[in-house]
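My notes follow in the order I took them.

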Amino acid sequence: MTMLEPQELQRYARHIMLSEVGGAGQQKLKAARVLLIGAGGIGAPAALYLAAAGVGTLGLADDDVVSLSNLQRQVLYGTADIGAAKVDRAAARLTALNPHVAIERHPVRLTMDNGPDIVRAYDLVIDGSDNFATRYTAAALCEAAERPLVQATVQRFSGALTLLAPFTTLPDASPAPRLTDLFPEAPPEGSVPTCAEAGILGVVTGILGTMAAAEAVKHICGIGDPLIGRLLMVDVLSMRFSEIRYRR
């Protein structure tokens, strides 16, 4: 078990006080390796909370640079970061937040070619990408590598979150579902507007990114009820939550 340093015991004291987490759970967080696909609207708040929570190693996969229009929602970055690689500026910010966390940078767009080696190096993946191709690629890579995948999506004033682990079984011994059991195929190209085309309320990405981090922490610590076979949907305009259950 990964031991906690005295400074870490003080830093994570509010976690350790929780009987569901405790010292053992915090040690699991320190030993964990989490990959974030996308360091944007969803990945930014997720990365901040995972670093603050003491996840030992965070991987950042993103080939983009910071632009002015990102700053309305991508809270890892500031005005001075415009034009810089997101993985570089994110690494600096996260290290400043928690020097006990190791940051691994992958300045690439995840594909079926470069993805297998990257995904296998981590224990859990969070997908906050902004396109369907990457979402289906991430699901396929994580299933092949038997890595749990927290997938969060946003659009305008709403978002959705689920946990994919199709290599596991449900309590009734049936196989856990895949992304294709929820969405059999990606919608036709151009049929769903992007955030750049339709807009996005900045705080929606913060809500979904933080919830994705919470789901990851739960899974690492082995606590709570995971969102396997459940799609949680959030409508921020009405501030309502709803859930769809889906099966293999």
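Which backbone nitrogen does the side chain of Asn131 reach? I found that of Ala133, at 3.4 Å. The side chain of Asn131 also makes a polar contact with the side chain of Asp130, at 3.2 Å. My rule for a polar contact: a pair of N or O atoms within 3.5 Å; within protein, one must be able to donate a hydrogen and the other to accept it, and residues adjacent in sequence count only if both atoms are side-chain atoms. Asn131 sits in the loop between β4 (124-127) and α7 (132-145).

**Ground rules**

I am working from a predicted model, in which local features need pLDDT of at least 70, side-chain atom pairs count only at pLDDT 80 or more, and totals for chains, interfaces and linings use all residues. Residues are numbered from 1 along each chain as its sequence is written, and side-chain values use heavy atoms, with hydrogens and water left out.

**Whole chain**

I noted 10 helices and 8 strands. These are DSSP runs numbered from the N terminus: helices are H or I with at least four residues, strands are E with at least two. The C-alpha trace spans about 55 × 50 × 40 Å along its principal axes.

Buried residues make up 47% of the 248. Buried means under 20% relative accessible area, exposed means over 50%, and partly exposed is in between (1.4 Å probe, protein chains only). I also checked contacts, meaning heavy atoms within 4.5 Å. Of those with a separation of 6 or more, 66% join residues 24 or more positions apart.

**Cores**

Which residues have the most contacts inside the largest nonpolar core? They are Leu50, Leu58, Leu94 and Ile126, in a core of 47 residues. Helix α10 (residues 202-221) gives the most to this core, with 9 residues. A separate core has 20 residues, among them Ile118, Tyr122, Ala139 and Leu141. By nonpolar core I mean a set of buried Ala, Val, Leu, Ile, Met, Phe, Trp, Tyr and Cys residues joined through side-chain atoms within 4.5 Å. In soluble globular proteins, nonpolar side chains tend to be buried together.

I then looked at Leu94. Leaving out residues up to four places away in sequence, Leu94 touches Ala47, Leu48, Ala51, Leu58, Leu60, Leu76 and Ile103.

Helix α3 (residues 22-31) came next. Its buried residues are Gly22, Gly25, Gln26, Gln27, Leu29 and Lys30. Their cover includes α1 (6-11), α2 (13-16), α4 (43-53) and α10.

**Salt bridges**

How many salt bridges does the structure hold? I get 14, each a side-chain nitrogen of Lys or Arg within 4 Å of a carboxyl oxygen of Asp or Glu.

- Asp88 pairs with Arg105, the closest N and O atoms being 2.9 Å apart. The pair links distant parts of the chain, with Asp88 in helix α5 and Arg105 in strand β3 (residues 102-106), 17 residues apart. Asp88 is partly exposed at 35%, and Arg105 is partly exposed at 48%.
- Arg120 pairs with Asp117 at 2.5 Å between the closest N and O atoms. Both lie in helix α6 (residues 115-120), 3 residues apart, about one turn of the helix. Arg120 is partly exposed at 45%, and Asp117 is exposed at 58%.
- Glu243 pairs with Arg230, with closest N and O atoms 2.8 Å apart. Glu243 lies in strand β8 (residues 240-245) and Arg230 in strand β7 (residues 230-235), so the pair ties together parts 13 residues apart in sequence.

Is Arg230 buried or exposed? Arg230 is buried, because its relative accessibility is 11%. Glu243 is partly exposed at 35%. Asp225, Arg230, Glu243 and Arg245 form a network of salt bridges.

**Hairpin**

β7 and β8 pair in the antiparallel sense over 6 bridges; pairing requires that DSSP finds at least two bridges between the strands. Leu232 stands opposite Glu243 in β8. The hairpin has 4 residues between its strands, and Met239 takes a positive phi near 50° there.
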